[in-house]
Amino acid sequence: MIFSKEKTTLAYTIEKCPKCEKLHKRDFSEGDILFTISSKCTFCDGITTIEKIFGEILER
Ligand SMILES: [Zn+2]
């Protein structure tokens with residue numbers, strides 16, 4: 001893998017609550033794996049799972 005100092009990659013994790021179907025976007029943290037249990041839903045008493053992980057490249 002080649003890293004350029006000119007670009008910064010930001011990774012995000014999308015969590016989804018199966019109970020109320022709310023989506024929550026947060027910064028990716030190491031150890032996040034797709035479709036695993038993530039954290040407690042902030043809207044109901046459900047447990048969110050990781051729905052999507054994506055990265056954005058910032059050029060500057
Ligand atoms: Zn919920």
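**Phe35**

I started with phenylalanine 35, which counts as exposed because its relative accessibility is 60%; the cut-offs I use are under 20% relative accessible area for buried, over 50% for exposed and partly exposed in between, with a 1.4 Å probe and protein chains only. This is a predicted model, where local features need pLDDT of at least 70 and side-chain atom pairs count only at pLDDT 80 or more, while totals for chains, interfaces and linings use all residues. Residues are numbered from 1 along each chain as its sequence is written, and side-chain values use heavy atoms, with hydrogens and water left out.

I found phenylalanine 35 in the loop between β2 and β3 (37-40). My strands are DSSP runs of E with at least two residues, helices would be H or I runs of at least four, and both are numbered from the N terminus. From the C-alpha of phenylalanine 35 to that of threonine 48 I get 9.4 Å, with the two residues 13 apart along the chain.

**Zinc site**

Next I looked up the zinc ion. Its protein donors are the SG atoms of Cys17, Cys20, Cys41 and Cys44, lying 2.3 Å from it. A donor here is an N, O or S atom within 2.8 Å of the metal (3.2 Å for Na, K and Ca), and sites may look incomplete because water is not among the atoms. In sequence I read the spacing as C-x2-C-x20-C-x2-C.

Why do I call the arrangement tetrahedral? The four donor atoms subtend angles of 105 to 116° around the zinc ion. The rule wants all angles of four donors between 85 and 135 degrees; square planar (four) and octahedral (six) need opposite donors over 155 degrees apart and all others between 65 and 115, and anything else is irregular. The ideal tetrahedral angle is 109.5 degrees.

Cysteine 41 is buried because its relative accessibility is 8%, whereas cysteine 44 is partly exposed at 22%.

**Strand pairing**

I followed β1 (residues 7-16) to its partners. It runs antiparallel to β4 (residues 47-59), joined by 10 bridges; strands count as paired if DSSP finds at least two bridges between them.

I noted isoleucine 14 opposite lysine 25, and lysine 16 with leucine 23 as its bridge partner. β1 and β2 make a hairpin with six residues between them, and glutamate 21 in the turn has a positive phi of about 65°.

**Salt bridges**

How many salt bridges does the structure hold? I count three, taking a side-chain nitrogen of Lys or Arg within 4 Å of a carboxyl oxygen of Asp or Glu.

Glutamate 15 meets arginine 26 at 2.6 Å, N to O. Glutamate 15 is in β1 and arginine 26 in β2, so this pair ties together parts 11 residues apart in sequence. Glutamate 15 is buried, because its relative accessibility is 4%. Arginine 26 also meets aspartate 32, at 3.0 Å, and aspartate 32 is buried at 15%. I therefore log Glu15, Arg26 and Asp32 as a salt-bridge network.

The remaining entry is aspartate 45 with lysine 19, at 2.5 Å, N to O. This pair links distant parts of the chain, aspartate 45 in the loop between β3 and β4 and lysine 19 in the loop between β1 and β2, 26 residues apart. Both aspartate 45 and lysine 19 are exposed.

**Thr42**

From threonine 42 to glutamate 21 I get 12 Å, C-alpha to C-alpha, at 21 residues apart in sequence.
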